[in-house]
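Thanks for coming, everyone. Let me put the structure up, and then we will walk through a few places in it.

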Amino acid sequence: MTRRVVFLDIDGVLATIRRWDRYGDLEPECIEVLNEIVARAGAEVVISSTWRYGRTVAELQAMLEAEGFTGRVVDKTPTVAPGANRGEEIAAWLAEHAVGGYVIIDDHGDMGELRTELVLTHPGHGLQPADARRAVEILMRLSRP
């Protein structure tokens with residue numbers, strides 16, 4: 001069975017950012033889109049968000065489930081080095097795990113060579129229904145460049 005993974009940011013993806021100084025709550029509509037992506041692609045979630053700091057995988061799962069998430073959080077990305085960007089942290093996780101497909105859902109584009117696998121969200125809107133189709137397409141690609 002092919003393992004497919006969604007690298008998930010939370011702020012600007014599931015929690016919209018309406019003002020620079022105020023981060024929002026998790027949005028049920030955005031979580032529904034995430035549910036559709038993981039269900040259609042049979043994907044698992046790895047948290048790449050700063051929300052992973054000081055939280056266990058089980059706590060992250062429970063937090064998302066409480067807001068309606070129906071998928072599975074299986075891991076979180078490592079903190080590799082001070083100043084490392086999100087793309088480097090994701091690359092470090094991928095180096096340790098065999099996956100057949102992955103997508104990065106984030107409101108920042110600093111993914112380096114991994115940007116071809118990125119679904120970039122608008123921080124004020126979060127994950128939208130139109131993003132689901134693109135995310136599933138990326139996850140289901142058979143060959144990797």
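Start at E27, in the loop between β3, residues 22-26, and α1. Keep in mind that this is a predicted model. Is E27 buried or exposed? Its relative accessible area is 18%. The cut-off for buried is under 20%, so E27 counts as buried. And what does E27 touch, once residues up to four places away in sequence are set aside? Three residues: L14, T16 and R18.

Now step into helix α1, residues 28-41. Check its length. It has 14 residues, and at 1.5 Å a residue they should span 20 Å. The end C-alpha atoms of α1 are 20 Å apart, so the two agree.

Which residues of α1 are buried? C30, I31, V33, L34, N35, I37, V38 and A41. Look at the spacing of that list with one rule in mind. An α-helix has 3.6 residues a turn, so residues three or four places apart point the same way.

Next, the partner helix. Two packed helices are described by the angle between their axes and the distance between the axes. Here the pair is α1 and α4, with α4 covering residues 129-140. Their axes come within 9 Å. They cross at roughly 25°. Angles under 35 degrees count as roughly parallel, and therefore α1 and α4 are roughly parallel to each other. The crossing of α1 past α4 is right-handed.

Who meets whom? From α1, we have V33, E36, I37, R40 and A41. From α4, they meet P129, A132, A135, V136, L139 and M140. By type, the residues of this contact are 9 nonpolar, no polar and 2 charged.

Stay with M140 for a moment, in helix α4. M140 is partly exposed, with a relative accessible area of 34%. Beyond its neighbours within four places in sequence, M140 is in contact with R4 and A41. Compare that with G54: the C-alpha atoms of M140 and G54 are separated by 32 Å, and the two residues sit 86 apart along the chain.

Last stop, A81. Where is it? In the loop between β5, residues 73-76, and α3, residues 86-96. A81 is partly exposed, at 39% relative accessible area. How far is A81 from L14, 67 residues apart along the chain? Their C-alpha atoms are separated by 26 Å. L14, remember, is one of the residues that E27 touches.

Definitions and conventions:
Residues numbered from 1 in each chain as written. Predicted model: local features only at pLDDT ≥ 70, side-chain atom pairs only at ≥ 80, totals over all residues. Heavy atoms only, no water. Axes fitted to C-alpha atoms, helices over the stretch in contact; angles between N-to-C directions. Helix = DSSP H or I, 4+ residues; strand = E, 2+ residues; numbered from the N terminus. Parallel < 35°, antiparallel > 145°, perpendicular 65-115°, else oblique. Left-handed = near helix turned anticlockwise from the far one by under 90°. Contact = heavy atoms within 4.5 Å. Nonpolar A, V, L, I, M, F, W, Y, C, P; charged D, E, K, R; others polar. Expected span 1.5 Å × (residues − 1). Buried < 20%, exposed > 50% of the residue type's maximum accessible area, 1.4 Å probe, protein only.
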